[in-house]
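Hi,

Here is the structure I promised to pass on. Have a look at it first, and my notes follow below.

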Amino acid sequence: GLFIKGDVMYVADSCNHRIQKLTTGGQFLQKYGQHGSGQGEFRYPTSVIVDQRDRLIVSDSDNHRVVILDQAGTWLLTINGNVTGSHGFQNPKGLALDPQGNIHVAAYGSNTIKVF
């Protein structure tokens with residue numbers, strides 16, 4: 001996944017289990033995350049978007065969750081999809097924001113789209 005905001009791009013570097021922040025010219029600025037399942041860790045992140053408050057929203061596919069980080073990389077919130085019932089989802093892949101700031105999550109493993 002790739003998200004561009006101004007002259008900065010955010011790349012979901014899935015196989016390296018991290019998000020990279022670069023200039024649109026390709027200069028490295030920062031990385032977020034490493035391999036794992038704890039806070040600050042990802043397992044195959046597939047999508048990243050940035051909301052109106054400049055927070056990173058990441059679909060952490062193999063951890064079955066969506067994570068919200070600030071620009072410094074501080075873990076703010078986890079939306080855990082690996083739960084039973086109508087709120088659960090598996091393998092979130094795609095993310096989108098609507099005009100009201102709601103997060104739309106397309107989950108491959110559960111064939112669902114959830115709104116938070």
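What radius of gyration would a compact globule with 116 residues have, and what does the chain have? A globule of that kind would come out near 13 Å, and the chain has 13 Å, which agrees. (The radius is taken over C-alpha atoms, and the globule rule is 2.2 Å times the number of residues to the power 0.38.)

Before the rest, some ground rules. This is a predicted model, where local features need pLDDT of at least 70 and side-chain atom pairs count only at pLDDT 80 or more, while totals for chains, interfaces and linings use all residues. Residues are numbered from 1 along each chain as its sequence is written, and side-chain values use heavy atoms, with hydrogens and water left out.

On to the fold. The chain has 13 strands and zero helices; both are DSSP runs numbered from the N terminus, with helices being H or I of at least four residues and strands E of at least two. Along the principal axes, the C-alpha atoms fill a box of roughly 45 × 35 × 20 Å. Of the contacts with a separation of 6 or more, 35% are between residues 24 or more positions apart, contact meaning heavy atoms within 4.5 Å.

Now the inside. Buried residues come to 44% of the 116, where buried is under 20% relative accessible area, exposed over 50% and partly exposed in between, using a 1.4 Å probe and protein chains only. The largest nonpolar core has 13 residues, and Tyr10, Ile19, Tyr32, Phe42, Val48, Leu56 and Leu69 touch the most other members. Strand 2 (8-13), strand 7 (45-50), strand 8 (56-60) and strand 9 (65-69) each give two or more residues to this core, with the largest share, three residues, coming from strand 2. Another core, of 10 residues, lies apart from it and includes Ile57, Ile68, Ile79 and Val105. (A nonpolar core is a set of buried Ala, Val, Leu, Ile, Met, Phe, Trp, Tyr and Cys residues joined through side-chain atoms within 4.5 Å.)

Leaving aside neighbours within four places in sequence, Val48 is in contact with residues including Gly1, Phe3, Tyr10, Ile19 and Leu56. Ala12 is 36 residues from Val48 in sequence, yet their C-alpha atoms are 6.0 Å apart.

Cheers
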